Amino acid sequence: MTSAEPALDHAPGLSSLHHALARERAHHDTCRAALAAMVEGAQEHVVTGEDVSASGADAEVLGYRLRSRAKEMRELPEGPLFFGRLDFAADDSEHAGQSYHVGRRRISSEPTAPPLVVDWRAPVSRAFYQAGSHDPRGVAVRRRFGWAPGSRGDSADLTGLEDEYLTTGEHLTEGQGQGDSGILTAEIERPRVGPMRDIAATIQPEQDDLVRADLATSLCVQGAPGTGKTAVGLHRAAYLLYTYPQRIRRGGLLILGPNRTFLTYIAEVLPALGESGVRQSTVGEEIARQPVTGTDDERAAAVKHDPRMAEVVRRALYGRVASPSDAVAGPGSLVVQDSLVVQDSLVVPDSLVVPDGSYRWRVQADELRRIVEDVRSEEPPYAVGRERVRTRIVRCLQARAERRTGTLPNSWTQKISRSRPVGACVDAVWPRVRPEEVVAGLLGDPDVLAAAADGVLEAEEQRAILWARPPRSYRSARWSAADLVLLDEAAGLIEHPESYGHVVVDEAQDLSPMECRAIARRAAFGSLTVLGDLAQGTTPWAARAWPDLLAHLGRPDAAIVPLTTGFRVPESVVRLSNRLLARLDVEVPEARSLRAGGELRVRETADAVATTVEAVREGLAREGSLGVVVPSEPDVVRLRKALDAAGIPAAGPDELGARVTVLAAGSAKGLEYDHVVVVEPAEIAASAADGVRGLRRLYVVLTRAVSRLDVVHERPLPW
């Protein structure tokens, strides 16, 4: 049960609000002292826990958990300790007359005491996000707090509050009188410099529904620019960690982003919500079995990312499995049997003979054939199949031996299993293999590729992916980024990777089918939150429809939920970007914005660089971050030199906290700036051979602005 605070400061009127503000400041001071005691207590638990007598692994686990808890408490970012309050009506059946402060984490004066602040993820807190005049959910008054950077050495000063009477729809704000909510709008529109912030104080009802979906539920969020889809995914991760701690701890939670710049940008959201230690990675990092030292042209990369390659890799792998009936047809010869490439150059014994003292135990060729065929029909992972073959061979030998000698001990079966004849037989019929051997053999030998790709890839496609100069062995191969998805496919066929309890995938529209399969293997026994916008797909294999991508992720039945209401991108910017939608070759609903206005200036010029420098100088007179987006990396170099000559320091997208960032259009996805200057949109639109991908890239760039957008151009505009 949480603490009950009488709702005495809600008599309508500004005088009562003024007194309420003083009481809330005092409560925040109390919470600050309680939090300091919690941090100190967590550290004391580490010391005490290390002194407790515990054995081996138990002591190690206990110590790790205590140290992790203490570290999380010490590293809590400074900021307001609560952002809202709920006062329930006297006639509410569950929380009658009680008040709850809502914050980013639970704070209490003692472990067993009622909390001074309830966690935003707690069940009672849901009313803060969902209650409204149409459905008050038992809430009489919802209070929001306004904060400013601390002026007395504190992390934050409470500067205002706003009460919303849900039964009447009335708003009262200290210092402003009656009117619509200003605190919520101010928080959403607050200028930003540095990494992404959490949105725990401003989650909207439709976002809250997604955040609080059950752990077993897989979701796909089609989010228009500015709708908060990335924030929804991160807050859903925090909610699942809070609500299902044991299940998530067993399986783990993985956040996948498109690149390291994006992951750096979002890195502080989960720690701000009290969750640390969550793995944040990219698909490329997850599948990086080998360093990338080679390159592919676009055609070769497109074929390697095609879902048909999964069947080609499977055939190449299981083609190494032979049966005793396979004839030896000569070195390197291949035949296709049961949709599998069979390398019948493997020398297979007609039967297996295992010496055992004065006995010699035999398994005939037809029995070996049956064992291999039975295991193959069960379709286990390749490595598991190999061990099943070994186990069943030993079982046959054991049955023969026990008919002659009686029951044999386990030591006998272990000895026979490790014997050289059994090992040689298993190696012959089901060879040990590395993923690198499979893929190198496939891409380096035209005969192997032709057999594995027969009826799957066209001859032109096979030529596109065949290595022009095959290495002597896989150890000297120069692997490309696209080769890594094939290596991961082969590795997943040999042995399943560990599965996470939940995986959040952002910018999913850019994933290839083969990358989706790699993710699916890592969520085989968990659930997925898939985030993206089909209109922002810029890779050669970008998805055009969510059902196709979800099928490759192994979640064809996942609910697809559109988010179309933008809370940060202003209306003028949304109207401009919507003009491109019809030309992007995808069917997505138009975005709409709740932020009226916004500044949009289109500047035609004879000198784009000079005009851009002027726009940046003007922008620096305003608050917030400023991003300058140019068509290519060489343009980045030129513009930074011009800004430097003008005395304006500028940084790259990886340098968070800079007032001015200059970046190429291809690096802008997922990032936001208060003020964006887009240079030469026509050149950005023409940056891809097929035209559509260039227009999508421009769509991404235009929607990075959350307050002001300048468009600087010499060439005619593409819209």
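This is a predicted model: local features need pLDDT of at least 70, side-chain atom pairs count only at pLDDT 80 or more; totals for chains, interfaces and linings use all residues.
A salt bridge is here a side-chain nitrogen of Lys or Arg within 4 Å of a carboxyl oxygen of Asp or Glu. The structure holds 44 salt bridges.

A further pair is formed by Arg 521 and Asp 488, whose closest N and O atoms are 2.8 Å apart. Because Arg 521 belongs to helix α21 (residues 513–522) and Asp 488 to helix α20 (residues 481–494), this pair ties together parts that are 33 residues apart in sequence; Arg 521 and Asp 488 are, moreover, buried.

The side chains of Arg 85 and Glu 24 likewise meet in a salt bridge, at 3.0 Å from N to O. Since Arg 85 lies in strand β1 (residues 84–88) and Glu 24 in helix α1 (residues 14–51), the parts tied together are in this case 61 residues apart in sequence. Arg 85 counts as buried, at 1% relative accessibility, and Glu 24 is buried with a relative accessible area of 1%. Through shared partners, salt bridges join Glu 24, Arg 85, Asp 87, Arg 143 and Asp 163 into one network.

Helix packing was examined for α13 (residues 365–378) and α14 (residues 382–405), whose axes come within 10 Å and cross at roughly 145 degrees, the crossing being right-handed. Among the residues that meet are Leu 368, Ile 371 and Val 375 of α13 and Val 389, Ile 393 and Cys 396 of α14. By class, this contact of α13 with α14 comprises six nonpolar, one polar and six charged residues.

Key: Residues are numbered from 1 along each chain as its sequence is written. Side-chain values use heavy atoms; hydrogens and water are left out. Axes are lines fitted to C-alpha atoms, for helices over the stretch in contact, and angles run from 0 to 180 degrees between N-to-C directions. Helices (H or I, at least four residues) and strands (E, at least two) are DSSP runs, numbered from the N terminus. A crossing is left-handed if the near helix is turned anticlockwise from the far one by less than a right angle, and right-handed if clockwise. Contact means heavy atoms within 4.5 Å. Ala, Val, Leu, Ile, Met, Phe, Trp, Tyr, Cys and Pro count as nonpolar, Asp, Glu, Lys and Arg as charged, and the others, Gly among them, as polar. Buried means under 20% relative accessible area, exposed over 50%, partly exposed in between (1.4 Å probe, protein chains only).
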